[in-house]
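Student: Hi! Could you walk me through some side-chain contacts here?
Tutor: Happy to. Let's look at it together.

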Amino acid sequence: TAWVRVEESEGFTPPDAGAFDLPPLFDSVEWLTKPVLQVILSVVIISVFLLLATRRINVVPGRLQFATEGVYGFIRNTIARDIIGSDEFRKFLPLLLSLFTFIYVNNVFGVIPFIQFPTMSHIAYPVVLALMVWVVFNYIGIRRKGFVGYFKGVMFPPGVPAWVYILLAPIELVSTIIVRPLTLAVRLFANMFAGHMLILVFMLGAEYMLIEGGAALKALSVVPFALGIGITFFELLIQFLQAYVFVL
């Protein structure tokens, strides 16, 4: 039967973390891997798109200008202005907009044909972004409130009974200074890693069933293939949400 034939073969070997360990594109340039090339490509894509969209600003926007204004307005209104406040949000817009577009484009690479690899599934990139945000976050806090005042505000939030500070102060310090950048990086990395792994499992499993299986498995291969397609569309939503959550 079809099942026995598959069991007698070498069997399906599911993908593991090694699928993310990509070799250099050229042996003579060890640092130039596919994720590095994607980062460079994402910067070029974003820069060219913004330059084309803003070279002629019209009252009635064209498609590129409309799309750019939509992304700008989304970050401006739902994150910057509503959370930072109307008095100071404008100075942070370049950082927030750059973070969102950079992360989103590199996430979407995971479902683009012939690329199909999310850059942020390599944890080094989320870590660097998280460290950059961590430096900005703490620098602004210390500049505004002073070194002592900043850490006092972090460790001793108002409205809490004094005896609670014995437990709360070290927790808040560790949470804000150490845990927050780690969770920021790991959340983005883990979602992109897991999503890409799921797509690999279903698509490679469908391919194996179609090529190596008998008649029954060939017919059933449509099931993991359909699930893989469904997960790909779901991943598009996750890629957007993770860029949004990181910036938020």
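Student: Where do Phe189 and Phe193 lie?
Tutor: Both are in helix 7 (residues 165-212), four residues apart, about one turn of the helix; helices here are DSSP runs of H or I with at least four residues, numbered from the N terminus. This is a predicted model, where local features need pLDDT of at least 70, side-chain atom pairs count only at pLDDT 80 or more, and totals for chains, interfaces and linings use all residues. Residues are numbered from 1 along each chain as its sequence is written, and side-chain values use heavy atoms, without hydrogens and water.

Student: And how many aromatic pairs are there?
Tutor: The count is 12 aromatic pairs, meaning Phe, Tyr or Trp rings (six-membered ring for Trp) with centres within 6.5 Å; planes under 30 degrees apart are stacked, over 60 edge-to-face, the rest tilted. One of them joins Phe74 and Tyr244, with centres 5.5 Å apart and planes at 45°, so that pair is tilted. Phe74 sits in helix 3 and Tyr244 in helix 9 (residues 222-247), 170 residues apart.

Student: Which residues do ring pairs link into a cluster?
Tutor: Phe74, Phe100, Tyr104, Phe240 and Tyr244.

Student: Switching topic: which residue forms a salt bridge with Arg144?
Tutor: Glu88, with the closest N and O atoms 2.4 Å apart. The rule asks for a Lys or Arg side-chain nitrogen within 4 Å of an Asp or Glu carboxyl oxygen. Arg144 is in helix 5 (residues 124-145), while Glu88 is in the loop between helix 3 (63-84) and helix 4 (93-108).

Note on methods: Helices (H or I, at least four residues) and strands (E, at least two) are DSSP runs, numbered from the N terminus.
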